[in-house]
Amino acid sequence: ELNRQQFLDKVWNYETSPEAWKYQGTLPCVIDFNAKWCGPCRKMEPILENLALKYRDRIIIYKVDVEKELAALFGVSSIPAFLFCPINGEPQGTMGAYPAEEFEKLIRQVLLGEKTE
């Protein structure tokens with residue numbers, strides 16, 4: 001689970017460059033905004049764990065507690081919410097629980113630049 005300082009170091013330092021997104025990581029990432037009390041969030045946990053293992057050398061999956069200030073920074077108002085951060089380009093957000101195949105398709109398209117059917 002990412003805290004504020006880890007987010008600044010590993011994802012985006014919005015304090016030093018608030019006007020422009022600049023991804024800090026070396027691998028693309030997914031940020032999972034969630035809460036322990038959220039049923040759909042818990043449903044996504046095993047899916048995210050499996051995808052983190054499958055793509056462990058290609059992407060990183062971070063968790064952020066929605067009750068922290070980071071969720072407010074991105075305007076998260078419904079959970080689960082996900083932010084896909086490619087190495088180059090702008091992040092893309094989505095909300096809601098997804099079947100494993102659909103979530104993997106998003107990873108492959110948005111983060112890895114693969115063409116999927």
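**Exercise 1. In which helix is I47 found? Work out its surroundings.**

This is a predicted model, where local features need pLDDT of at least 70, side-chain atom pairs count only at pLDDT 80 or more, and totals for chains, interfaces and linings use all residues. Residues are numbered from 1 along each chain as its sequence is written, and side-chain values use heavy atoms, with hydrogens and water left out.

*Step 1.* Look for I47 in helix α2. Helices (H or I, at least four residues) and strands (E, at least two) are DSSP runs, numbered from the N terminus.

*Step 2.* Check its accessibility. I47 has a relative accessible area of 15%, so the residue is buried. Buried means under 20% relative accessible area, exposed means over 50%, and partly exposed lies in between (1.4 Å probe, protein chains only).

*Step 3.* List its partners. Leaving aside neighbours within four places in sequence, I47 is in contact with Y98, P99 and A100. Contact means heavy atoms within 4.5 Å.

*Step 4.* I47 and K68 are 21 residues apart along the chain, and their C-alpha atoms are separated by 23 Å.

**Exercise 2. Find out what span helix α2 should have, and look along the helix.**

*Step 1.* Helix α2 covers residues 39-54, which makes 16 residues. The expected span of a helix is 1.5 Å times one less than its number of residues.

*Step 2.* At 1.5 Å a residue, α2 should therefore span 22 Å; the C-alpha atoms at its ends are 24 Å apart, which agrees.

*Step 3.* Now look for a bend. At E45 in α2 there is a kink of about 30°, shortly before the proline P46. The bend at a residue is the angle between axes fitted to the seven residues ending there and the seven starting there.

*Step 4.* Pick out the buried side of the story: C41, M44, I47, L48 and L51 are buried in α2. Their cover includes β1 (29-34), β2 (60-65), β3 (81-85) and α4 (100-111).

**Exercise 3. Determine how α2 and α4 pack against each other.**

*Step 1.* The two helices, α2 and α4, pack at an angle of about 45°, and their axes are 10 Å apart. Axes are lines fitted to C-alpha atoms, for helices over the stretch in contact, and angles run from 0 to 180 degrees between N-to-C directions.

*Step 2.* Name the arrangement: α2 and α4 are therefore oblique to each other. Angles under 35 degrees count as roughly parallel, over 145 as roughly antiparallel, 65 to 115 as roughly perpendicular and the rest as oblique.

*Step 3.* Find the residues that meet. M44, I47, L48, L51 and K54 in α2 meet A100, F103, E104 and I107 in α4.

*Step 4.* Zoom in on A100, which lies in helix α4. With 29% relative accessibility, A100 counts as partly exposed. Not counting residues up to four places away in sequence, A100 touches I47 and L51.

**Exercise 4. Is D32 buried or exposed? Describe its setting.**

*Step 1.* D32 lies in strand β1.

*Step 2.* Its relative accessible area is 1%, so D32 is buried.

*Step 3.* D32 touches L48, Y62, K63, V64, P80, A81 and F82, not counting residues up to four places away in sequence.

*Step 4.* Follow one of these partners, P80. A cis peptide bond joins I79 and P80, with omega about 0°. P80 lies in the loop between α3 (69-73) and β3.

**Exercise 5. Describe V66 and Q92 in turn.**

*Step 1.* V66 lies in the loop between β2 and α3. At 17% relative accessibility, V66 counts as buried.

*Step 2.* Apart from residues up to four places away in sequence, V66 touches N34, A35, A71, V76 and I79. V66 and V76 are ten residues apart along the chain, with their C-alpha atoms separated by 7.6 Å.

*Step 3.* Q92 sits in strand β4 (residues 92-95). At 43% relative accessibility, Q92 counts as partly exposed.

*Step 4.* Apart from residues up to four places away in sequence, Q92 touches F82, L83, F84 and V110. Q92 and F82 are ten residues apart in sequence and 8.3 Å apart in space, C-alpha to C-alpha.
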